[in-house]
Every structure is written in structure tokens, then in C-alpha cells.
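Here's a quick tour for anyone meeting this structure for the first time. Have a look at the sequence and the 3D view, then read on.

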Amino acid sequence: MTTLILRISMRLILPIGLVFSLYMAFKGHNEPGGGFIGGLMAAATFAIFRMSSGAAELDKILPCHPRILVSWGLGIALVTAIAPLAAGEPVLRSYLWDIYLPGGEALHIPSAAFFDIGVFLVVIGICVGMIGRFSEELEL
Amino acid sequence: MNNAWIILFAVLAPLVTGMLTLLLPRQAITLKVLLAALGPVVAFAFIIAGSSRINTEFSQHALDHHADHATAHLDDHHHAGHDPFADIPLPTSEVIPWMPALNLSLAFNADGLSVFFALLVSGIGLMIVLYARGYFGPNADDLGRFYPTLGFFMTAMLGIVVSDYTLQMLLFWEMTSISSFLLIGWDRYDKKAVKLAMQAFFTTGLGGMALFGGLLLLGVASGNQGLLDGNGIWRWSELYANVTQLDLNDPWVVSAFLLMFIGAATKSAQWPFHYWLPGAMAAPTPVSAFLHSATMVKAGVFLAGRILPTLGTIDAFPWLLVGLGGVTMLLGGLIAIQQHDLKRIFAYTTVSQLGLLMAMYGLGSLRYAHGDHTLPAIDLDLTQIANHAFYKAPLFIAAGAIGHLLSRDITRLTGAFYKFPAIGAVLILAGYGLAAGPGTVSFQAKELFLYAIYHATSISPWFWILMAMTVVTAICNVAIFIRLTATLLDLPGGMGPYAEAHADDHHHAHEPERGFWGAMIWIPGFLLVVPQYVGGLFPSLWNQVFMPGERFAYYDSFSHGVPSVYYLITHPGWPLFCSMLALGLGIVVGFLPAFRRAIVDIHDTIYPAVYWLAVSGGGILFRIVQTGRLRQYTLIVLLTLTAMFTAAVITDGAMIAATTSTLAAYTNWYDHLPGIMLGLLVCASAVCIPATESRVVRVLLLGACGFSVVGIYLVYRAPDLALTQLMFEVISVLLFVVVLRLLPEDKPRPYRGKPIRIVISILIGLIMGWMTLIAATAERPIADDQTLGSVFVRNSAYGDPASPLATERGGGGTNVVNVILVDFRGWDTFGEITVLAIAAIGVWSILPSRRKAVTS
């Protein structure tokens with residue numbers, strides 16, 4: 001599947017796909033999207049990239065084992081979940097921070113966004129890892 | 001500070017100090033010993049402090065009542081016309097709240113029974129800590145591993161005895177199983193030891209399960225009987241306080257008792273579960289000494305003591321305990337006399353003694369007529385238990401010491417006394433206690449037991465059988481003592497070199513260590529055997545120590561001290577006659593060459609046989625259920641779903657109403673035309689899937705299904721779901737592309753039973769459709785016409801004060817689906833990503849990477 005056309009077009013698709021997946025993940029709180037969808041999108045991008053350019057190329061842009069992503073994601077989600085306990089609040093109590101940017105716009109950062117980042121990382125790690133592992137069976 | 005905290009500290013002290021020894025440098029042996037010894041010392045002190053503060057009022061009452069019973073008299077102590085124990089206040093327990101919402105808390109009960117056991121455990125525990133230093137020598141590896149595990153074991157045992165909350169007790173109960181497993185399988189490279197550890201673990205673990213069932217059943221059954229506002233009895237103190245309201249003949253209560261009894265019987269090695277205990281000899285001797293004298297095996301006895309005052313009035317109680325206890329006692333004695341390995345001999349005598357203790361508790365619940373009132377048939381339980389600890393622990397300590405230095409095989413110990421006089425002296429002194437010779441507490445205790453049986457014979461002549469069993473057991477014990485002494489002192493009648501020397505004897509001789517720590521191999525044994533003689537010769541001293549425990553144990557029996565040996569001898573009767581008969585015949589048997597062939601306990605085959613049966617039976621069952629065929633699993637899952645749904649429809653009429661109301665709402669079908677057409681597309685592609693042979697076409701059809709569903713989501717304005725489904729389809733297509741080529745060639749299969757499959761498919765399809773219809777009505781208003789959905793919508797961005805679920809904040813986002821996922825139901829999401837991660841770990845471990853691992 002490592003055709004020239006796919007390989008060249010992946011140079012375009014990969015950054016767009018990743019940026020779009022990030023956009024999906026972060027806008028998810030107010031519009032359709034979210035960590036799960038964003039994660040799937042990024043994973044699909046990575047998977048297609050892996051098909052077109054091979055495992056070695058993927059290692060260059062994703063220089064860690066997918067399980068690192070999974071564990072970081074789980075860890076971030078867990079910390080977000082139990083952090084309110086330190087303040088005596090129930091688990092997963094949400095907070096909302098408003099950061100006023102120069103120009104009068106307010107940036108809303110709900111604490112749930114961090115949870116979403118965790119989900120995002122877990123989903124990427126799992127999908128990339130599984131597809132990668134199955135692909136290895138083909139390549140060898 | 002709450003007094004319960006003191007008890008909790010006492011319980012945890014051995015564990016904590018044991019674990020702290022791990023922090024010390026490897027070679028700091030003496031420091032480790034001292035630190036490990038601190039645990040039981042602290043436990044001992046704290047138990048005394050905590051219990052006296054908890055039960056001051058209680059014990060003061062008891063003292064007032066029984067100040068006149070300071071010395072015991074076998075015949076005339078029950079002179080009061082009424083039951084003198086009727087108005088003792090009940091023991092109280094103190095509570096540390098833990099999870100109040102679930103009614104779970106840590107409750108500690110420091111009555112006489114538990115304090116007695118706790119002091120026994122921590123006191124002997126201290127001796128064992130010291131002895132372990134003598135036994136293992138300055139071996140940093142063994143000691144470093146031993147003390148933490150021993151501390152764990154000690155904590156578990158202390159926890160059992162002071163727990164008031166039954167489930168809390170169960171927790172510690174299982175902890176003793178686990179810790180003893182670790183200790184019995186001490187030698188990790190010895191396959192036999194590991195196997196025996198498993199055997200002990202399985203047996204006692206099974207009993208733990210039974211106990212768990214029994215405790216749950218008792219709690220639930222008592223709740224059903226309306227006790228404690230339907231909450232049930234979950235604490236011993238509650239059980240004591242409410243036993244009069246409990247219907248003891250209720251089948252549930254009786255079953256609960258039987259299950260609890262199984263737990264006690266396995267733990268205390270009652271026949272036919274006794275085989276694990278001699279097997280536990282694979283443990284290092286300090287463990288054996290502890291296990292047999294103060295811990296684990298006594299847990300069952302303790303449990304019997306705990307339930308005696310309440311469930312003891314169940315009709316089956318005395319017969320069950322006396323019957324099984326008597327059989328165990330006799331069997332243990334008869335096997336013990338035919339063993340050659342010192343540790344095995346003492347293990348079987350322990351089995352025998354445990355049988356005696358169980359039988360004693362059985363007798364304790366009997367009441368016999370005494371003049372114009374009834375009285376319990378027995379005195380003294382704590383004396384009997386303490387007495388056993390004070391000769392069995394020294395016996396094991398000395399056996400381990402001599403096995404370490406010379407051999408554990410009795411046939412090779414001829415004249416060993418002259419080589420190691422200190423150890424030999426401990427062996428002989430403790431052996432005299434085993435034989436229940438006059439001058440020891442053991443003698444008086446045995447006398448009291450016989451006395452109890454003799455009184456029980458007035459209830460039923462069957463108890464003469466128990467009397468005979470006791471005499472035979474006592475003969476065995478005396479004979480063992482005679483042989484042991486004759487062998488050690490090289491007298492005629494000793495077990496000289498035997499032709500078939502014991503095959504198990506692989507212990508090579510060690511050079512004895514000199515100095516203070518070297519002496520620790522026998523000093524703890526000596527210290528422990530001394531109370532036998534102090535109590536035997538000065539019973540008032542013994543009574544001063546143990547009487548308080550007896551009095552406050554909340555029993556209406558077991559309240560009088562040890563009689564003096566002179567009193568017993570000057571007041572002869574059946575008990576004394578039986579004792580003397582046993583002593584005389586025992587001496588004769590001891591010198592005779594009878595019963596000297598080493599035998600193998602036939603019960604040792606029970607566990608392997610049961611294990612084999614379980615494994616092979618489980619294998620057969622496994623092969624039937626787990627065929628490894630995916631379609632069979634799917635079939636089972638779907639058929640179960642069908643059955644459950646059918647049952648739900650039959651029992652809940654509202655489901656049919658929900659269906660009709662949902663259907664009635666869809667009057668204008670043409671409003672839903674896009675949805676219906678997309679639905680038809682889904683159905684059409686789904687129906688085509690089984691009709692095609694090619695896998696690629698099937699994957700494409702499945703994709704068609706999925707994308708049509710995306711369309712349906714879009715039509716019904718669920719962009720989030722549509723996006724998710726879309727991405728999922730993309731990923732699954734990618735996965736299929738990868739996996740399809742890996743699958744084996746698809747051979748056309750003979751489709752047997754195809755009509756049945758079609759029927760099942762249609763049935764399941766219909767049911768899933770029906771469930772979807774019902775799900776549409778599931779949005780019931782929760783309050784004031786507010787549905788769950790509308791509450792979520794309103795609270796999505798900012799909290800809605802009017803909402804019944806209102807919190808002051810919302811989720812901070814306008815996309816309600818996402819807010820539900822990461823905020824309102826965030827914990828679910830967390831669970832899901834955890835499951836995903838576990839699945840991924842499964843894939844990574846089942847399909848290990850063949851590529852060079854990427855270094856991060």
C-alpha cells in the first residue's frame with residue numbers, strides 16, 4: 001500500500017488530520033466533538049500514515065510506545081477525577097476558569113477539558129497500538 | 001481518643017514493626033529482632049490498656065458478683081439458687097467509623113475471650129520472634145523475609161479475636177489463611193512445601209467461604225426476623241444482646257450455624273479436614289510453634305467460643321461439636337503415637353487437642369440438672385486453651401531446635417539429652433505436660449474435661465463413649481511422653497535405631513551457635529513451659545492471671561478457677577479414676593513395642609483425591625462451556641438476553657403499555673420518511689451479509705450498515721453520535737483491511753441447522769427492536785415534569801438553581817453530550833477508558849511485538 005501517491009499526499013493529510021483532531025477534541029465541550037472523536041480521528045490519521053509510509057516513519061513522528069500514551073491518558077484522567085478530593089469536594093467535581101485574553105475575549109477552561117485530554121490520549125494509544133500490532137503480523 | 005483506636009494500634013503493631021524491619025539494612029540482624037519483638041510487646045501493652053478502658057464497667061460488675069468464687073471447688077461451687085450470671089451487663093464494643101454510608105465500621109470488642117486470646121497471641125508471638133533468631137541463626141535472608149510475614153500473621157490473628165464486626169473478623173480470618181500460606185510455603189524452591197501450603201490454603205480458604213456464607217446468612221436471616229430494624233445482626237455484641245429475640249430453630253439460623261461451624265472445623269483441623277495441619281509441618285519450626293499453639297488453628301476454637309453463648313442453644317450444637325471433636329481427638333491421638341517425625345507427632349497431638357477443645361465447647365452448651373436448677377456441664381475453657389499453648393509451643397520449639405542440631409526423627413535421638421541437655425530438658429518438661437502428669441496445669445485441665453463428660457453422662461449415657469475416647473487419647477499421649485523420655489535419656493523402651501528410618505529426615509546437623517542468641521533456640525521454650533508447673537503447683541497464681549478473662553468472657557459457664565492437684569487427688573471419683581487409668585496404661589503402652597511402625601495417615605489422600613476430582617471435573621466442564629467457538633458464545637449471550645427480556649415482559653406489564661404508547665405516538669409515518677428509508681437501508685445491507693460468501697463484500701456491507709446509521713443520527717439531529725460512528729467506521733475499515741489478509745482461507749461450511757439460526761436471528765432482531773421502542777419511553781419525569789434529559793440540558797453550561805439535581809455549577813459546556821460524558825457521567829467514562837486500556841494491554845501481551853521495541 002506504500003504507493004507514491006498515498007505517501008506524498010500523506011504529507012498533506014497528516015498535519016491537517018492531526019490539527020483537525022486536536023480542534024475536534026478541544027471544541028468538543030461546546031460543539032460536536034470531544035476527546036473520544038478527536039482521538040479516533042488522530043488514530044485514523046496515524047494508522048493511514050503507518051500504512052503509507054511504514055512503521056519506521058511512524059516511530060519518527062510518534063517516538064514512544066502507544067502504551068505510554070495510554071498510561072499518560074489514564075493518569076491525566078485519574079488526576080482530574082480525584083483532584084477535587086483534595087479540596088474536600090466529591091470526585092470529578094468540575095471547575096470553570098475564565099481567562100481574559102488581551103482583546104476582551106474570555107477563554108473558558110472547564111476542568112473537564114483535562115479529562116477529555118486523558119480520553120484523547122487513551123484512544124489514540126489504543127487504536128494506534130492495536131492497528132500497529134496487527135499490521136506487524138502482515139509485514140513479517 | 002477513642003479506645004477502639006488503642007485496640008486498632010495494638011492489632012496493627014506487629015504488622016507495622018514487621019514491615020519496618022524491611023527498611024533496616026540487611027545485616028542489622030539484632031536491630032531487626034528487637035524491632036520485630038517490639039510489635040508483640042506493643043500489642044500486648046495496648047491490648048491491656050485498651051481493654052481495661054473499654055470494659056471497666058463491665059468487669060467491675062463481674063468482679064463484684066464473683067468475688068466469692070476466687071477459688072474453685074469442683075463439687076459445691078454452684079451453690080447459689082439462681083443463675084449468678086444473669087445480670088452481668090453485656091460486653092460493649094467501640095466503633096471507629098469507616099464507611100458510615102454503607103454501615104461499615106471498624107468495631108472492636110474487648111471481652112475476656114478476645115483479650116485472653118490477644119494476650120496469648122502477642123505473648124507467644126514475642127517468644128516466637130526471639131526463637132526465630134535462634135532457629136534461623138544470623139541468616140539475613142531468612143530473617144529479613146520472616147519477620148514481615150510473621151507480623152502479618154500476628155496482626156491477622158489479633159484482628160480475628162478483637163473484631164466485633166463479623167465481616168471485619170472474616171477479613172482477618174482470610175488474612176490468616178493467606179499469611180499462613182506464605183509461611184507454610186516458606187521454602188519456595190521445595191515443591192512439596194509449596195504443594196502443602198496450597199493444600200492448607202485451599203482447605204482453610206474453603207472453610208473461610210463457608211464462614212462468609214454463614215455470617216451473611218445469619219445477618220440476613222436476623223434482619224428478616226425484624227431484628228435491629230431489619231438491619232440484621234452483623235456484630236457479635238449485637239448478637240449477644242439480641243439473641244433472645246432470635247428464633248434459633250429457624251432453618252436459616254441453623255444453616256448459618258452449620259456453615260460457620262464448617263469454617264471453624266476447617267480452621268481448627270477437625271476431622272475430616274485435619275489433614276492440612278500435619279502438612280503444615282513443611283513450615284519452618286517457629287511458624288509451626290506459633291501456628292499450633294496460639295494462632296490459626298485456635299481461630300476455629302475461638303469461633304466456637306464466640307458462638308457458644310448464643311447459637312450454642314441450637315439443638316445440633318452439642319452433638320455436632322462433641323461428635324466431630326471426639327472423633328478428631330481419638331484419631332489424632334492414634335495417629336500421633338505411630339509417627340516418627342517429632343514435628344508430625346506433635347502435629348497430630350495438636351489435632352487431638354483441638355478435637356478435645358471442640359468437644360469441650362460442645363459440652364459447654366449442655367445443661368444438666370443440679371438440685372433445683374440447671375447448670376452448664378463444663379468449667380474452664382481458657383485454662384484448657386492456655387494449657388495447650390504452654391506445652392505445645394515449647395514442644396515445637398524444642399523439636400525444631402533438636403531437629404536443627406541433630407535430627408527430627410525420634411529413632412535417631414537416642415541419648416540426645418546428654419548432648420543437648422537444655423533442649424532435652426525442655427522437651428521432657430513439655431512432654432510431661434502433654435502427658436497431663438500430676439503437677440501440671442494440663443493434669444487439672446484434663447481432670448476438668450473428664451469431670452464435664454462425667455456430668456454430661458447424666459444427660460445421655462452416650463457420653464460414656466466420649467469418656468472412653470478421652471481415656472484412649474490420654475493413653476496415647478502418655479505413651480508418646482514415655483517413649484520420648486526413654487529415647488532421649490537412652491533408657492530401655494526408647495525408640496532405638498529403627499530399621500525403616502523416616503524417609504523425610506533430610507535435615508543435616510548444624511553446629512550450635514554460641515552466646516546469647518544461640519541460647520534463644522531453647523530459652524523461649526523454657527519460658528513458655530514454666531507456667532505449666534507454676535499453675536500446676538500454685539493454682540491460685542494461675543487463677544489470678546486467667547480468671548479475669550474467664551469471668552468477663554460473657555459466658556454463664558467457664559467462670560471458675562483451676563482446682564489444686566491435691567484437691568483432685570483427695571476427692572477421687574470417676575474423673576480421677578480415668579486419669580489414673582490413662583496414666584497407668586499409657587506407661588505400659590509406652591514401654592511396649594506396640595504401635596511403633598511409622599504409618600501414613602490415610603486422610604492424606606483425601607486432599608489430593610479431591611483436588612484431582614475438582615481439576616478433572618472442572619476440565620470437563622470447561623471443555624463443554626468454553627468451546628472456543630465465537631459463534632457459540634454469541635449465541636449464548638443473545639439467547640440469555642432473549643430469555644431475560646421475555647421474563648421481564650412477563651413479569652412487568654408496564655413494558656407492553658410502554659410499547660403501545662410509543663407506537664401510538666408515531667401517527668404520521670411520512671414525517672419519519674428519511675429515517676424509515678435509512679432504516680430500511682440498514683436492514684437490507686444486514687440481511688445481505690449472510691447471503692454473500694466473500695469476506696470483502698461482507699465488510700463492505702457492514703460498512704454500508706454503519707454509514708446508514710450515521711445517516712440516521714444526522715437525520716435525528718445527533719451530530720455527536722454521527723461523528724463518533726463515522727470515525728468508528730473509518731477505524732474499523734482500517735482494521736478490517738489489516739486483519740482480513742491474516743484470516744485463514746474462508747472455506748464454505750456445511751450450514752447445518754440453518755433454519756434454527758434464522759429463527760434465532762429474527763427473534764433477537766425483534767427483541768432488540770422492541771427494546772429500542774421501550775427505550776424511547778424511558779425518559780420518565782424525575783420531578784415536577786422534569787425529565788433527566790431536560791435537567792442535563794439545562795445544567796450543561798451553567799447550573800440551573802431550579803433543577804432538582806441542581807448544583808451551583810454546570811458542566812461549563814454547551815455540548816450536552818460531551819458534558820454528560822466528561823462531567824455528569826465522567827466516572828463512567830473513566831471506567832470505560834480503563835476497560836479500553838486493559839483490552840489494549842491484553843492485545844499487546846497476547847500478540848507480543850516481533851519488531852524491535854521502540855525505545856522512548
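UniProt, in an unreviewed entry, marks residues 12-29, 35-56, 68-87 and 107-131 of chain A as "transmembrane region"; UniProt positions follow the numbering used here, feature names are shortened, and annotations may be inferred rather than shown by experiment. Keep in mind that this is a predicted model, where local features need pLDDT of at least 70, side-chain atom pairs count only at pLDDT 80 or more, and totals for chains, interfaces and linings use all residues. Residues are numbered from 1 along each chain as its sequence is written, chains are lettered from A in the order in which they are written, and side-chain values use heavy atoms, with hydrogens and water left out.

**Annotated stretches**
- Residues 12-29 of chain A are 89% helix and 0% strand, with 28 Å between the end C-alpha atoms. Helices (H or I, at least four residues) and strands (E, at least two) are DSSP runs, numbered from the N terminus.
- For residues 68-87 of chain A, the figures are 95% helix and 0% strand, and the end C-alpha atoms sit 29 Å apart.
- The unreviewed UniProt entry also gives chain A a "domain: Na+/H+ antiporter MnhB subunit-related protein" at residues 5-127. That span is 70% helix and 8% strand, and its end C-alpha atoms lie 25 Å apart.
- On chain B, an unreviewed UniProt entry puts "domain: NADH-Ubiquinone oxidoreductase (complex I) chain 5 N-terminal" at residues 99-147. Here the chain is 67% helix and 14% strand, with 32 Å between the end C-alpha atoms.

**Chain A as a whole**
- Chain A has five helices and two strands, and from the N terminus on they run α-α-α-α-β-β-α.
- Its C-alpha atoms fill a box of roughly 55 × 35 × 25 Å along the principal axes.

**Where chains A and B meet**
- 58 residues of chain A are in contact with 50 residues of chain B, contact meaning heavy atoms within 4.5 Å.
- About 4800 Å² is buried between chain A and chain B, and carbon and sulfur atoms give 72% of that. Buried area is the accessible area (1.4 Å probe) that two parts lose on being put together, summed over both.
- On the side of chain A that touches chain B, the elements giving two or more residues are α2 (35-53), α3 (55-61), α4 (66-86), β2 (106-110) and α5 (112-139).
- The largest share of that side comes from α5(A), with 16 residues.

**Charged pairs**
- A:Glu57 forms a salt bridge with A:Lys60, with the closest N and O atoms 3.3 Å apart. Both residues lie in helix α3 of chain A, three residues apart, or about one turn of the helix.

**Aromatic pairs**
- Over all chains there are 27 aromatic pairs. Rings of Phe, Tyr and Trp (its six-membered ring) pair if their centres lie within 6.5 Å; planes under 30 degrees apart count as stacked, over 60 as edge-to-face and the rest as tilted.
- The ring centres of B:Phe136 and B:Trp186 are 6.1 Å apart and the planes are at 40°, so this pair is tilted.
- B:Phe136 is in helix α4 (residues 112-136) of chain B, and B:Trp186 is in the loop between α6 (166-184) and α7 (191-224) of chain B, so the pair ties together parts that are 50 residues apart in sequence.

Methods
Salt bridge = Lys/Arg side-chain N within 4 Å of Asp/Glu carboxyl O.
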